[in-house]
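The entries follow in the order in which I looked things up.

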Amino acid sequence: MADNGDNDSQHRVNEGDYVVLKRGDIYKAVQIQKKKKTVFEKQWFFLDNAVGELYGTTFEVVTGGTLQPRKPKCVESSADAKEAGTDNRNILDDGKSQKLTRDDIETLKEQGLKGQEIVQQLIENSTTFRDKTEFAQEKYIKKKKKKYENSVMVLRPSCRVLAMMYHGREPGKICHLRYDTLAQMLTLGNIHAGSKVLVFETCAGLVLGAVMERMGGYGSVVQMYPGGGPVRAGMESFGFPSHFHDTLHEFPICHVNALLAGALDTEAKDIDAAADSGQANGDKSNLTQTDSEKAESKECSPDTEDQCMETSTSTDPAADKEREEREKLREIRGQEKKVKMEEKRKKLAAAAAVLEGRNADGLVIASRFHPCPVLLGLIKFLAPSRPFVVYSQYKEPLIECYTKLREQGGAVSLRLTDSWIRHYQVLPNRTHPMLLMSGGGGYLLSGTTVATDTPKMGPTRGEEPAAKRLKLTETTEG
């Protein structure tokens, strides 16, 4: 019984969970927080009443911004469409068929009528509704429900739901990565529980979250990131448990060459100086020191030395107290910076320990940067006979990657594919492709690594064997 209770609680919304709000084809990821106003599609409400309800429940937004679970009802579209015309040839769209004005509709809203009741009033006050065909009536009801019904569905975050959300709202943030292409990446990369996967992406953490979801909290994931720190907004929207984060490591892409050359010192206090040659950072520190010395000399130059001494001697207790507070604040900030640097060093050391074996089981790349140098650098961390997959919105960068891999070797089964999908409307007597569809889902380059350290063999098939030297026998005359 306890197990059944635990399983039931997993399917219910809890405070602090990340959920996805859905209305029609619009999605939004939010976190459940009590007494916090949530704005969705120009409407605000509170998610307090969603706590304890099952995922997939549809709520009505009532007066005061509170959510009320919608009760299951019978299909009313057939009852509303008892009388239907044979065709729409005599219907004129002149805007005079609706008796209710805009003011009347606003009055109905102020009286507290729900969306379904307002739609029913619009149907009863329409002079042309009975003359429309059955299909046209269903279309009319669907359109009015979408406009006047204030309903919100609460969904559990998943790879497919979040991919559709990002692609519908902000496709540029995920490099226009479509959810069917993301599914192909997970399949071609052979992502499974217990594997060791390298991920380099600039898709707001969506690809990283999809990989972690597929692995189920088992194995290890190393996120290779550019810049000062990793971006994980999309991954955090999945709402993974704490043990999922224990399998996640992070490693800056700028330290890959140092790690491959064996010059990365993870025990050094300054990680950046340990990875680089130290000259640039030394020049920078000298520059900073010179600037500070100039500032000090400017503040207390020989001409203003007397003024500086006079100011220091004539300070009041309030100024001394303010100076002490500033020094304490500076010390606190310095300690916090040391703690952050220590945490960053530990994370770097842990990720380097995972990468040093060069036995990763998969590589997934999806970024706005040119994938060729990234792929050629990270493929060295893969073990032989391991898959890799690279996504790009355009095919030209992947063609260059394909050519480079063919030239240098180390990869077989190279394939460059194009993703394509079409949505269909499936209704009785009305099944047809949707009028609006995505033009392209990007391109994928996939392959499998092979060992290149092979012993010297005989001549290849394309080469001819060297001609044998003929031994000349000397004959002596008797």
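I began with a cluster: F238, F240 and F244 form one aromatic cluster. Rings of Phe, Tyr and Trp (its six-membered ring) pair if their centres lie within 6.5 Å; planes under 30 degrees apart count as stacked, over 60 as edge-to-face and the rest as tilted.

I noted the basis of the entries: this is a predicted model, where local features need pLDDT of at least 70, side-chain atom pairs count only at pLDDT 80 or more, and totals for chains, interfaces and linings use all residues. Residues are numbered from 1 along each chain as its sequence is written, and side-chain values use heavy atoms, with hydrogens and water left out.

I then searched the whole structure and found five aromatic pairs. One of them joins F129 and Y140, tilted, at 5.6 Å centre to centre with 55° between the planes. F129 lies in the loop between α4 (115-124) and α5 (134-148) and Y140 in helix α5, so this pair ties together parts eleven residues apart in sequence. Helices here are DSSP runs (H or I, at least four residues), as are strands (E, at least two), numbered from the N terminus.

I checked burial next: F129 and Y140 are both buried (under 20% relative accessible area; exposed is over 50%, partly exposed in between, with a 1.4 Å probe and protein chains only).

I also recorded F200 and F369, a tilted pair at 6.4 Å centre to centre and 35° between the planes. F200 is buried, at 2% relative accessible area, whereas F369 is partly exposed, at 36%.
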